[in-house]
Amino acid sequence: MKNILVSLNEATRTVNSGSNKVTLLDTINLNVEEGEFISLMGPSGSGKSTLLNCIGMLDNFTGGGYTFLGEPVHSMKEKNRSKLYKEYIGFVFQAYHLIDELTVYENIETPLLYKNIKSSERKAMVADMLDRFNIVGKKDLFPIQLSGGQQQLVGIARALIGQPKLILADEPTGNLNSKQSEEIMELFAQLNKEGVTIIQATHSESNAAYGSRIINLLDGKIV
Amino acid sequence: MILNYIKIAFRTLRKNKGYSFLNIFGLAIGITCASLIFLWVEDELSFDSEFEKQDQVYYVPTHQEYDGEWRTFNSTPGPFAEAMKTEIPGVAKASRTKHRDLLFSVNDNAINSGGRFVDEDFITIFSLKFVEGNAKEAFNNPEAIVITQETAEQLYGKNTKAIGKVLKVDNTENYLISGVIENLPKNVTFPINWIAPFERWSGDKEWTNGYGSFFADTFVELSPEADFNSVDAQVRSLLEKKTGDNDSKAFLHTIKDWHLRAHFENGKQVGGRIDSVRLFTIIALIILLIACINFMNLSTARSEKRANEVGVRKAMGSGRTRLIFQFISEALILAFIASLVSVLFLFVLLPQFNLLIEKDLVLGLSQPFHIVFLLGITLVCGIFAGLYPAFYLSSFKPVEVLKGLKVTQGSANYIRKGLVVGQFTISIVFIICTILVYQQLQHIKNRDLGFDKDQLISLNVNGTMIEKFDVIKQDLIQTGAVSSVGLNNSGILNGGNNGSNLTWTGGTNTEDVLIFFRYISSDFLETAGMELVEGRGFYENMVKDSTSVLITESFAKLMGQGSAIGKKIDRGDIYTVVGVVKDYLFDDMYGQSDPVLFFNYHGEASYMYLKTNPKIGTSDVLSKIEAVMKKHNPAFPFEYSFVDDAFNAKFKSEQLVGKLSQLFALLAILISCLGLFGLAAYTAEQRSKEIGVRKVLGASVSGIVKLLSKDFLKLVGLAIVIAIPVAWYVMDNWLGNYAYRIEINGWIFVIAGIVAIVIAMVTVSFQAIKAAIANPVDSLKTE
């Protein structure tokens, strides 16, 4: 049996909006095994992004249990939690979210800086990544000088550089045209084959089809 | 990591040129300002600090009681120095001194040089270093004189041995140069160019040997183990014992206080220049504060631009501490650039500043202390200014900012507004203070002095000026340049010769009021423009009129009811009052007119006053006077001073406060405006969508300008409300130092308020108009 990477047990997320309590995620039960490629689907506002953020520990569940690699995230201190996600999770955003002031090379390097990896090692790792994504020639360019697809490529490279176990991608192709998005999805499929676990949120049926499992969300519930 | 931050910092700077400029420029002005002030403060603090015996050397002034009030004088009786040395165990060395200007001539080269007649101990008290000769033998010869290297060079040129040479003094006497000492440091309270044995001056002056006359500047050195309090107490009682009077007490004034804490009021030390030093140090800090506030404002205002980066970095695994560290390093980099710019400013501005404050400050960047201090300011500014933005920016939640939600700026908005109010409050207080300081200065300068200081020239009496007075006067008047000439034993603006033991018809000076004595020539009153309110002036023949005296109105009041004319005054000899002169001011221009008693005697006059003809140009007048003086008093160089210059010099410290407060008010406003300008730009940017929508819905340009300006004007309004009581309090305190002062007028606050509003309006409206005339399509498309 494969390792369970993520295990959600009646995980709930509520927010207070004015005097109303709004439930964004309602008693979610979900197990993600290592090596899975999950597509979260559902209309706008169904809770896809919130679920991704909570799994990615950028946001917290307000109820229920969340276990990551056997560690109870819900009872962890902020510091340990950030150590955990720094180590095991990579993010890919719809709007790429590259740092405008940094070059391609520096953007990809950033997560390594936060992991306190030595300079020589960093160089090698970034060079590998540039090579792998065929963007060596663009390493000194700034994000603004790249096309959307290229920017997302850098975004993915940045997510991968820390060698995470899990990639969380929130509508990774939402800002791209169909050809570019196909390339990105092929890349994800390739990565998944190499053993990276992926959870993506998407609107698109065809993108969802790349996944090994599709989970549909509606009003914060798995349906 | 650090490299990464530096890179980011520089790229951010380059990308936001306007913002960077405002930030760096504002901070640079702040640092420049503070550096100028600190240079001045350093200079002030350095006075007398280069003398070796900081803990042992004291000056001995006296408190004297008159009319129930203790006044402080810089003089002691002649024998007191020796008495302290022999009778008080803790006093190791003591020296009487008397300051004099002497005329040194070597061939055709003549210079007027200030120095002191001193006792031998003076050399050890001040640890004077001999370049030629030595301390032991310097005063062996009664005709000896020791000069400084600088004086030696002026007289004999460089690389000439001066020791052993005979120096002609005042064209009459010969002194033997027995030594050459190193120049004194630049900043000393009692500068000297030469010293000579005290007896050479006191010689046959019998009165210098008793306790009746207070005339000498006395210095003492305590033995290292002496207890200050006990010696001071003994010094106080010793003078009482010697004079048999309990209304004069000598005391010890430490060398550390000579320059900065030399004001005494009613026998108590009440500060002095240290007050200005403190005031300006505070001002420097305030200006730095304003500059730092700018920085905080601009950094947080543009937080939305940085929010995304914060979100990404947090998602990439950056902890908050790292982000705080990153933002503070950015602030430090900015501060560092600003301090480099300010060094540039300092190079350009220091000469102007020196002119303004009449000092000779140098930047001295080669001094490690200056570098460290500048770096210190930079560091403190960077950290202080960067701290709040760092904490604020690093607090963003990645989920929110990455989703593109507007950053909720609630608390930051209030803090930002608070900072703007703070800046403007300070600026408005500066404006009000500037106006009031100026008014007070004008008030005092325009005060009716009781004499006419304009067109009045003062010459020091020397050589044959008294013997030839009649001829000189006649020749001067004949030139047409001078209308009247008078002699006085005392400077018209000075206190000088005084006493209190008088009796007169129908009474004595029972109230123990200090009376000032003036020995004048008959035309002095006319020359000085003093007004005779009763009786007659002096006859020209002073021998015939030698028992006549004139008194001022306040003296006449002391003498009681009825006309003072004909009353007798007993001052050992009996004098008759023949006229009453209108009160006039001297010494303390803020105080009351002290009573004056004039005698018709000019045999020992020290000053010659000339009333000049206003129709003739100054240089013409001077050359005519010079010609006459050269003819009758050829041995002495022609040196003169204008009484109104001397009068203005009395307000030096007030004038300095006035000039500097103008300068700093201007800079504070400039920095505040830079901040406001930046803030307005960002507000306009932030609200561009709102403005677009409003315009689409039909809002006019003027309506939008009003909308954008209104918020800022409210802040400035609030600042005015806060500033007024603060300024009132500060200035009422300051004016409280002056007996003759203005009252604070309400309209000053109105003016300051209007100035602030207008300045803020101009600053903000530029941005507001720019935002208002922009095409709404552009701003709406960006969503």
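This is a predicted model: local features need pLDDT of at least 70, side-chain atom pairs count only at pLDDT 80 or more; totals for chains, interfaces and linings use all residues.
Helix H14 of chain B covers residues 469-479, and helix H17 of chain B covers residues 618-632. They pack at an angle of about 155 degrees, and their axes are 10 Å apart. Angles over 145 degrees count as roughly antiparallel, and H14(B) and H17(B) are therefore roughly antiparallel to each other. Their crossing is right-handed. On the H14(B) side, the residues in contact are B:Val471, B:Ile472, B:Asp475, B:Leu476 and B:Thr479; they meet B:Lys624, B:Ile625, B:Val628 and B:His632 of H17(B). By class, this contact has 5 nonpolar, 2 polar and 2 charged residues.

Helix H21 (residues 701-735) and helix H22 (residues 746-772) pack at an angle of about 150 degrees, with 8 Å between their axes. This angle makes H21(B) roughly antiparallel to H22(B), and here too the crossing is right-handed. Among the residues that H21(B) brings to the contact are B:Ile704, B:Leu708, B:Phe712 and B:Ile720, while H22(B) contributes residues including B:Phe749, B:Gly753, B:Met761 and B:Val764. The contact of H21(B) with H22(B) comprises 20 nonpolar and 3 polar residues, with no charged residues.

Next, the domains of chain B. The assignment gives domain 1 as 2-42 + 275-443 + 652-781, domain 2 as 57-258 and domain 3 as 456-649. Between the C-alpha centres of domain 2 and domain 3 of chain B the distance is 30 Å. In their contact, 6 residues of domain 2 of chain B touch 9 residues of domain 3 of chain B. The domain 2 side of that contact divides into 3 nonpolar, 2 polar and 1 charged.

Let us move to chain A and its sheets. One is an open sheet of 4 strands, in the order E2-E1-E4-E5, with antiparallel pairing. Strand E2 (20-33) and strand E5 (71-72) of chain A are at the edges with a single partner strand each, so one side of each has no neighbour in the sheet. Strand E1 of chain A, residues 4-17, pairs with E2(A) in the antiparallel sense over 10 bridges. Within this region, A:Ser17 stands opposite A:Asn20 in E2(A). Helix H1 (residues 48-55) of chain A packs on this sheet and touches E1 and E2 of chain A, its direction making about 60 degrees with that of E2(A).

The other sheet is also open and has 6 strands, ordered E6-E7-E8-E3-E9-E10 in chain A, with mixed pairing. Its edge strands are E6 (89-92) and E10 (221-222) of chain A, each of which pairs on one side only. E9(A), residues 213-218, and E10(A) pair in the antiparallel sense over 2 bridges, and A:Leu217 stands opposite A:Ile222 in E10(A). H1(A) lies across E3, E7, E8 and E9 of chain A, running at about 150 degrees to E8(A). Helix H5 (residues 148-161) of chain A lies across E6 and E7 of chain A, at about 170 degrees to E6(A).

Finally, where do the chains meet? The contact takes 17 residues from chain A and 19 residues from chain B. On the chain A side, helix H2 (78-88) and helix H3 (104-114) are the elements that give two or more residues. H3(A) gives the most, with 5 residues. By class, the chain A side has 8 nonpolar, 4 polar and 5 charged residues.

How values were computed
Residues are numbered from 1 along each chain as its sequence is written. Chains are lettered from A and ligands numbered from 1 in the order in which they are written. Axes are lines fitted to C-alpha atoms, for helices over the stretch in contact, and angles run from 0 to 180 degrees between N-to-C directions. Angles under 35 degrees count as roughly parallel, over 145 as roughly antiparallel, 65 to 115 as roughly perpendicular and the rest as oblique. A crossing is left-handed if the near helix is turned anticlockwise from the far one by less than a right angle, and right-handed if clockwise. Two residues are in contact if their C-beta atoms, placed from the backbone, lie within 7 Å. Ala, Val, Leu, Ile, Met, Phe, Trp, Tyr, Cys and Pro count as nonpolar, Asp, Glu, Lys and Arg as charged, and the others, Gly among them, as polar. Domain bounds come from an automatic or database domain assignment. Two strands pair if DSSP finds at least two bridges between them.
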